[in-house]
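Work through the following exercises with the model open beside you, and try each task before you read its solution.

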Amino acid sequence: QVQLVESGGGLVQAGGSLRLSCAASGRTLSTYIMGWFRQAPGKEREFVVAISTTGRSTYYADSVKGRFTISRDNAKNTVYLQMNSLKPEDTAVYYCAATTAATTGWGTQLRTETLYDYWGQGTQVTVSS
């Protein structure tokens with residue numbers, strides 16, 4: 001089984017940037033579709049972005065499109081989330097997730113939390129105004 005550990009969170013001013021990392025151990029990530037989710041206080045967890053096993057395909061939530069970029073380095077067994085132009089509404093705990101599930105397509109189904117088998121512990125991102 002794979003274990004996931006997020007890092008890189010912190011406090012940043014609106015308009016600033018952060019880069020989150022998700023490091024895996026136990027198994028290689030090369031066969032896993034990877035996703036990022038986030039959860040703000042008092043709200044349910046929401047989908048942010050997903051990336052295919054090779055990194056060739058990505059799928060972003062509308063709220064972060066054009067500001068966030070997901071990438072992966074399978075040789076380092078790590079997935080990244082580059083966050084630019086951060087807004088106070090981006091404040092949340094950010095979670096890394098992984099799945100070996102075979103999807104019937106590439107799109108909306110990737111937003112479904114139950115698709116993902118493994119989750120990290122989360123890292124806090126706070127954006128001040």
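Predicted model: local features only at pLDDT ≥ 70, side-chain atom pairs only at ≥ 80, totals over all residues.

**Exercise 1. Decide whether Ser 52 is buried or exposed, and find what it touches.**

Step 1: Ser 52 has a relative accessible area of 10%, so it is buried, where buried means under 20% relative accessible area, exposed means over 50%, and partly exposed lies in between (1.4 Å probe, protein chains only).
Step 2: Ser 52 sits in the loop between strand 5 and strand 6; strands (E, at least two residues) and helices (H or I, at least four) are DSSP runs that are numbered from the N terminus.
Step 3: When neighbours within four places in sequence are left aside, Ser 52 is in contact with Ser 57, Arg 72 and Trp 106, contact being heavy atoms within 4.5 Å.
Step 4: Ala 24 is 28 residues from Ser 52 in sequence, and their C-alpha atoms are 16 Å apart in space.

Residues are numbered from 1 along each chain as its sequence is written, and side-chain values use heavy atoms, with hydrogens and water left out.

**Exercise 2. Describe the places and surroundings of Val 5 and Gln 1.**

Step 1: Val 5 belongs to strand 1 (residues 3–7), and its relative accessible area of 47% makes it partly exposed.
Step 2: Not counting residues up to four places away in sequence, Val 5 touches Ser 21, Cys 22, Ala 23 and Gln 121. The C-alpha atoms of Val 5 and Ser 25 are separated by 8.6 Å, although the two residues are 20 residues apart along the chain.
Step 3: Gln 1 lies in the segment before strand 1 and counts as exposed at 55% relative accessibility.
Step 4: With neighbours within four places in sequence set aside, Gln 1 is in contact with Ser 25, Gly 26, Arg 27 and Tyr 118.

**Exercise 3. Find which residues of the largest nonpolar core touch the most other members.**

Step 1: A nonpolar core is a set of buried Ala, Val, Leu, Ile, Met, Phe, Trp, Tyr and Cys residues joined through side-chain atoms within 4.5 Å.
Step 2: The largest such core has 40 residues, of which Leu 4, Met 34, Trp 36, Leu 81, Met 83 and Tyr 94 touch the most other members.
Step 3: Elements that give two or more residues to this core include strand 3 (18–25), strand 4 (33–39) and strand 9 (92–99).
Step 4: Apart from neighbours within four places in sequence, the contacts of Leu 4 include Cys 22, Met 34, Cys 96 and Trp 119.

**Exercise 4. Trace the salt bridges of Asp 90 and the network they belong to.**

Step 1: Side chains of opposite charge can pair when their charged atoms come close. A salt bridge is a side-chain nitrogen of Lys or Arg within 4 Å of a carboxyl oxygen of Asp or Glu, and the structure holds 5 of them.
Step 2: In one of these, the side chains of Arg 38 and Asp 90 meet at 2.9 Å, N to O. Arg 38 lies in strand 4 and Asp 90 in the loop between strand 8 and strand 9, so this pair ties together parts that are 52 residues apart in sequence.
Step 3: Arg 38 counts as buried at 6% relative accessibility, and Asp 90 counts as buried at 1%.
Step 4: Asp 90 also forms a salt bridge with Arg 67 (2.8 Å, N to O). Because Arg 67 lies in the loop between strand 6 and strand 7, and Asp 90 in the loop between strand 8 and strand 9, the pair ties together parts 23 residues apart in sequence.
Step 5: Salt bridges that share partners join Arg 38, Glu 46, Arg 67 and Asp 90 into one network.

**Exercise 5. Locate the residues with positive phi, Asn 77 and Ser 85.**

Step 1: Asn 77, a residue other than glycine, has a positive phi near 55 degrees; Asn 77 is in the loop between strand 7 and strand 8 and counts as buried at 13% relative accessibility.
Step 2: Ser 85, also a residue other than glycine, has a positive phi near 50 degrees; Ser 85 is in the loop between strand 8 and strand 9 and is partly exposed, with a relative accessible area of 41%.
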